[in-house]
Amino acid sequence: LPSVKAEQVRFEVLICITSHFRLVPVKGKRNILVTSALPYVNNVPHLGNIIGCVLSADVFARYCRLRGHETLYICGTDEYGTATETKALAEGVTPREVCDKYHVIHKEIYEWFNIEFDIFGRTTTPQQTEIAQDIFLKLYENGFTSTSSIDQLHCQNCDKFLADRFVTGACPFCAYDDARGDQCDGCSRLINAVELKNPKCHICKQEPKESILSTHIFLHLDAIQDEVREYIEKEIAKPDTRWSSNAIAIVKGWIKHGLEKRCITRDLKWGTAVPLAGFENKVFYVWYDAPIGYLSITKCLVGDNWTKWWKNPENVELFNFIGKDNVAFHGVMFPCTQFGARDNYTVVNNICATEYLNYEDVKFSKSRNIGVFGDNAKETGIEADVWRFYLLYIRPESQDTSFSWEDFAFKVNSELLANLGNFINRALTFLSKNFDGVVPEMQLSDIDVISVIYIHIYNSFSHNCNRKFKWDKMMDSVHQRDAVRAILSMSRRGNQYMQTQQPWVLIKGSDEEKYFAFFVFNFHHRLVTFQETGISYALLSSNVSARIRSQCGSDRLPAFSTYPISYLKAGHRIGEPKPLFTKMESAKVAEWKAKFGGSCSSSSFHESEDAPTDDTIDIGRLDLRVGRIINCEKHPDADALYVEQIDVGESKPRTVVSGLVHHVPLNQMQNRLVVVLCNLKPAKMRGVESRAMVMCASSPEKVEIMEVDPSAQPGTPVICPPYLHRPDVQLNPKKKIWETIAQDLKVNEDGYAVWRDTLLLVGGSTKMTAPTLRGVFVK
């Protein structure tokens, strides 16, 4: 076991016990255990890492605390394994020094982003060794392990076994040329180092000339898989499941193909020691060891009370926030480990996995200075809450998304500054100017109140009230991107309502008009304090929330409510209204874009000549039309693809390639009406150029072609009033226009296609419908 400074452990444990001694589950309450994937200590986290795990988990934990749930949020650095050893070799230091250095870097970055862990710990602790070895011994005693001698690549140059990241080569499954010795980043398949083609030693870059037999311990995943399958399927089938669609698909895929015995030891020195005679020179494989870090870090926080969280499945709900590349380990392998231990462990109830966030259409790369990393974000001078807002706005929940400096500036200026900030500022400024900053007494008769509510408020805000309640459901179901947009919709409609009613004019009129002016203000300020104080605490952070409270003259966070009650009573004096956010200037955006290596254009905010004159990305930029499939046949070189000839109202049909073979029989593809997206850039699919895409309702298990009224004619446009229909001639793939719009293109509860809850209409009149699927994306 690597040495740990005793005084450091005593200090950390003392802090944990004194400040968190009440952090235990409470019977009869919802007890929420939140974990975020443990980041390796071999790098600096970039924006994709941050939104993929720690920020998403932080937002959910904040929401749970607002709701009054007993909540524990656990994270820390993953410090064992070859990732650490290779980094130590590269920097010429010891693995312990690497861990100490990068743990501090991660911790400081997350603190700057206002991530509120209950503890941000480490896996190189005595608690980790104790629990990892205890679980292994139980697996061993229960007959779920065995030993076997296997070939291991060995580098004669370095006199070293080449495990995991110590060797790279071509993947035997997808031919990706930089696969590691344990997993391929190209296809996400797990592999053994000896299976790599053209392997190279990570240290000396030479091809290993020999393999040596080495005895290792294997975990019998195959013997436990039926228990895990039954448990996972039960959790996924729950009506209130929060499993993300990609997590469901990945886990089902793994279980469907059957599990095999998996090696859980390595010929390394840096790791948790194996407590079995004959294995003194081996350590546990990091992906056996790493998930146990959640348990050991919890023990560092609450001592022996860790079992009240981790051996209490009847009273604790466990949420894992991870990237999609970690799903198999959290959703299959670690549950197998827990079930095999036969020790009543709390097994994951919900896996909330994101897709990937890219940077200006390319991957983040610290070595090539491409992308914004955690330490860079602080250097820009843009406050953390603004970063949090935009990362949540583009959170890759259902598909990969991309960070764009132009879009970042546009969203900050239009949504934070002109919408959300203006919404709050105008109510408080109205009160400050007209009532000297003191909330007045409102004296309206019951009849007046009823009239105002039902005539002026209800009719204008019926949709908005639905949004208000949806926000709560969205947060609870971990649809955070939708929650952000619901809040912006509320404030946008609030601004529209106040602008329409003009209380600053009414306040100068008759007594009746003055009464109504105050009522407009009263309703507005209720929404401000309800939505933007508590909700901003969850989505942005305590910093913006504190500024709003200060301007409202309130020193406490309001109790959570699903309805906008009046927090500021008559006679209450507010603080000084000030702008909450600062405009992002185009010159600074160009500077940052050049500094961090994003793709450059001649002008920061100019589209190609085919694009509309404005930068707004909405449904109006899609060229959606009714089409009729004239002929459909199977693709000659792809079993899962159809090739269709579709009449879209042009002089000749378009050739379209669709991956619908496994979802729609060939005979049902002939002579049917469809909706097609006609302004994507043409793309070759297995040698056939596709010049449009068929719109379908899509879930992990099922895909349905969207239907239109039988009387619709090919070429009829599908529009979405009040959004202006102004389709690009061809969508610029670099601008991610389709990807951005697709995040809000869904089938609603009634089966109709909507964009941001607004109906899509064929020819401006009839609806676009999914046969049976509800609440899914249109793809």
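Which residue lies over the face of Tyr752? Let's start there, everyone. The answer is Lys767, placed at 5.1 Å from the ring centre. Please keep in mind that what we have on screen is a predicted model.

There is a second case of this kind to look at. Find Tyr393: the charged end of Arg485 sits over its ring, 4.0 Å from the centre.

I'd like to walk you through a couple of them.

Take Tyr359 and Phe403. Their ring centres are 5.6 Å apart and their planes stand at 10°; planes under 30 degrees apart count as stacked, so this pair is stacked. Where in the chain do these two partners come from? Tyr359 belongs to strand E15, residues 357-359, while Phe403 belongs to strand E16, residues 401-403. That puts the partners 44 residues apart, so to speak a link between distant parts of the chain.

Are these two buried or exposed? Tyr359 is buried, at a relative accessible area of 0%, and Phe403 is buried too, with a value of 0%.

Stay with Phe403 for a moment, please. Its ring also pairs with that of Trp405: the centres are 5.2 Å apart and the planes are at 90°, so we call this pair edge-to-face. Trp405 is buried as well, with 0% relative accessibility.

Finally, let's step back from the single pairs. Tyr359, Phe403 and Trp405 are among the members of one aromatic cluster. That cluster also includes Phe364, Phe373, Trp387, Tyr390, Phe408, Trp592 and Phe596.

Technical notes. Residues are numbered from 1 along each chain as its sequence is written. This is a predicted model: local features need pLDDT of at least 70, side-chain atom pairs count only at pLDDT 80 or more; totals for chains, interfaces and linings use all residues. Side-chain values use heavy atoms; hydrogens and water are left out. Rings of Phe, Tyr and Trp (its six-membered ring) pair if their centres lie within 6.5 Å; planes under 30 degrees apart count as stacked, over 60 as edge-to-face and the rest as tilted. Helices (H or I, at least four residues) and strands (E, at least two) are DSSP runs, numbered from the N terminus. Buried means under 20% relative accessible area, exposed over 50%, partly exposed in between (1.4 Å probe, protein chains only). A charge sits over a ring if NZ of Lys or CZ of Arg is within 6 Å of the ring centre and within 35 degrees of the ring normal.
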